[in-house]
Amino acid sequence: MAFSTLTAISPIDGRYRDKTEELHEYYSEWALMKYRVRVEIEYFIFLGGLLPQLKELNISDIEQSLKDLYQNFTVEDAMRIKEIESVTNHDVKAVEYYVKERFDALSLGDYKEFIHFGLTSQDINNTATPLIIKDSMEKIYYLEIEKILTVLNKYAAEWKDIPMLAKTHGQPASPTRLGKEIMVFAYRLEQQLNLLKSTPLTVKFGGATGNFNAHFAAYPQFDWRREANEFTEKHLGLKREEWTTQISNYDNLAAIFDGMKRVNTILMDLCKDFWQYVSMEYFKQKITSGEVGSSAMPHKINPIDFENAEGNLGIANAILEHLSAKLPISRLQRDLTDSTVLRNAGVPLAHTLIALKSLEKGLNKLLLNKTVIVNELNNHWEVVAEAVQTILRREKYPEPYETLKALTRVNEGITKESIHQFIDSLELREEVKNELKAITPENYVGV
């Protein structure tokens with residue numbers, strides 16, 4: 001059976017292919033090969049300006065021709081690497097041999113043994129993968145988060161003056177404003193996004209066990225740690241980990257995954273709250289012609305976008321949790337568990353991307369139902385009791401909290417009239433009574 005979105009095992013490449021397709025530029029097998037070729041080429045270019053045996057090349061004259069090998073990397077190129085791998089049974093060695101073939105085609109065969117010079121496969125993998133993550137986050141992930149923030153900030157501004165009954169422990173609490181509650185989520189996202197962006201993406205680049213053994217043996221006159229730092233920073237835009245085994249320490253990558261997980265957790269919290277607001281009829285949803293909410297109940301318009309987002313964020317976080325917990329742990333100088341795990345780095349990002357697009361869709365479908373919001377607030381006059389007892393404290397009235405507690409904990413409910421009758425019964429100055437009567441659920445919203 002030929003592959004199609006209908007035969008894909010994962011919904012990432014099946015049902016949700018249209019939402020995740022842009023990630024293939026970064027997390028497909030083709031993309032990994034492309035980024036590996038990029039590291040090999042950039043390393044050769046770097047060596048071209050350093051090693052005496054490469055000085056005669058005049059690397060600047062051929063630099064663009066070399067970069068074309070990864071900038072114009074095709075699926076056919078990737079298939080050739082797979083053919084080589086079927087013989088080598090080693091994916092990075094296959095990339096090295098492929099680049100050497102291309103050097104022959106460029107009449108650079110005399111210099112091809114400086115491809116992969118002194119390196120181990122993890123010097124390629126542990127630079128290619130952080131590059132992939134860096135590029136995909138900057139070009140896709142952060143932009144999608146910004147879309148959510150744009151909608152939230154827009155709603156926060158539009159609804160900043162709409163009073164709303166707060167619920168703590170599911171019970172009526174001191175009123176708030178709808179815009180402010182939305183701003184809480186925008187603020188949290190902005191804080192965690194800034195923290196995530198400030199977390200450095202670092203690379204491992206130091207030879208077979210991290211000591212530049214082969215480099216030093218061939219060219220002891222060079223300070224290879226300094227040279228490697230210059231290569232990773234100037235050619236790749238990433239900082240090198242100074243002390244490693246054969247593989248990356250992965251501590252910073254784990255921090256990236258943990259940061260993404262925190263962002264997702266905030267988004268899940270947002271999904272749950274907006275789902276609840278829709279259930280409470282604080283919001284209606286825009287109707288899409290032809291859309292069906294239930295196979296049996298024609299009236300239903302379900303908050304499916306928030307549900308889809310919540311579910312996918314949960315899957316993403318489960319995988320991010322495993323990545324951040326597993327990757328920094330390796331037996332002695334290395335084992336292979338990091339390699340197979342890292343091949344799934346795009347999976348949580350894909351589920352997050354599905355969630356972000358669903359969440360944005362859900363947010364943009366909301367229609368404010370102000371009447372319901374205000375009516376519910378005005379049905380709970382007991383919430384002004386906090387204000388009344390606080391002012392009574394100011395006036396040194398005896399046992400104000402206890403006095404209000406006796407009034408408000410009744411089953412028949414508290415109304416504007418019962419609150420005002422209570423105020424009239426207090427031994428207070430008339431101006432204080434008027435101050436208390438001026439407080440309503442709609443204006444008791446703080447700053």
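Is Phe212 buried or exposed? Phe212 is buried, with a relative accessible area of 5%. Buried here means under 20% relative accessible area, exposed means over 50%, and partly exposed is in between, using a 1.4 Å probe and protein chains only.

Before I go on, a word on what we're looking at. This is a predicted model, where local features need pLDDT of at least 70, side-chain atom pairs count only at pLDDT 80 or more, and totals for chains, interfaces and linings use all residues. Residues are numbered from 1 along each chain as its sequence is written, and side-chain values use heavy atoms, with hydrogens and water left out.

Back to Phe212. You'll find Phe212 in the loop between strand S3 (202-203) and helix H9 (213-218). Those labels come from DSSP runs, numbered from the N terminus: helices are H or I with at least four residues, strands are E with at least two. Phi of Phe212 is near 55 degrees, which is a positive value in a residue other than glycine.

Asn58 is another one with a positive phi, about 55 degrees, and Asn58 is not a glycine either. Look for Asn58 in the loop between H3 and helix H4 (59-71). With 40% relative accessibility, Asn58 counts as partly exposed. In helix H16 itself (residues 385-394), the buried residues are Ala385, Ala387, Val388, Gln389, Ile391 and Leu392.

Okay, on to a helix pair. How do H12 and H14 pack? Helix H12 (residues 304-326) and helix H14 (residues 346-364) meet at an angle of about 155 degrees, and their axes are 8 Å apart. The axes are lines fitted to C-alpha atoms, for helices over the stretch in contact, and the angles run from 0 to 180 degrees between N-to-C directions. That angle makes H12 roughly antiparallel to H14. For the cut-offs: under 35 degrees is roughly parallel, over 145 roughly antiparallel, 65 to 115 roughly perpendicular, and the rest oblique.

Who touches whom? On the H12 side the residues include Phe306, Leu313 and Leu323, and on the H14 side they include Val347, His351 and Leu359. Contact means heavy atoms within 4.5 Å. By class, the H12 contact with H14 has 14 nonpolar, six polar and two charged residues. In this scheme Ala, Val, Leu, Ile, Met, Phe, Trp, Tyr, Cys and Pro are nonpolar, Asp, Glu, Lys and Arg are charged, and the others, Gly among them, are polar.

Next, salt bridges. We call it a salt bridge when a side-chain nitrogen of Lys or Arg is within 4 Å of a carboxyl oxygen of Asp or Glu. By this rule, the count comes to 39 salt bridges. Let me pick out a few.

Arg343 pairs with Glu29, with the closest N and O atoms 2.8 Å apart. This pair links distant parts of the chain, 314 residues apart: Arg343 is in the loop between helix H13 (337-342) and H14, while Glu29 is in helix H3 (residues 29-48). Arg343 is partly exposed at 38%, and Glu29 is partly exposed at 30%.

Lys82 bridges to Glu85, closest N and O atoms 3.2 Å apart. Both sit in helix H5 (residues 75-88), three residues apart, about one turn of the helix. Lys82 is partly exposed at 38% relative accessibility, whereas Glu85 is buried at 19%. Then Glu230 bridges to Lys234, with 3.7 Å between the closest N and O atoms. These two are in helix H10 (residues 224-236), four residues apart, again about one turn. Why does that spacing work? An α-helix has 3.6 residues a turn, so residues three or four places apart point the same way. Glu230 is partly exposed at 29%, and Lys234 is exposed at 65%.

There's a network too: salt bridges that share partners join Arg394, Glu395, Arg429, Glu431 and Glu435.

Ala254 is in helix H11 (residues 251-279) and is buried, at 6% relative accessibility. Leaving aside neighbours within four places in sequence, Ala254 contacts Ser324 and Pro328. Lys437 is in helix H19 (residues 430-437) and is partly exposed at 24%. With the neighbours within four places again set aside, Lys437 contacts His420, Ile423 and Asp424. Between Lys437 and Ile62 there are 83 Å in space, C-alpha to C-alpha, and they are 375 residues apart in sequence.
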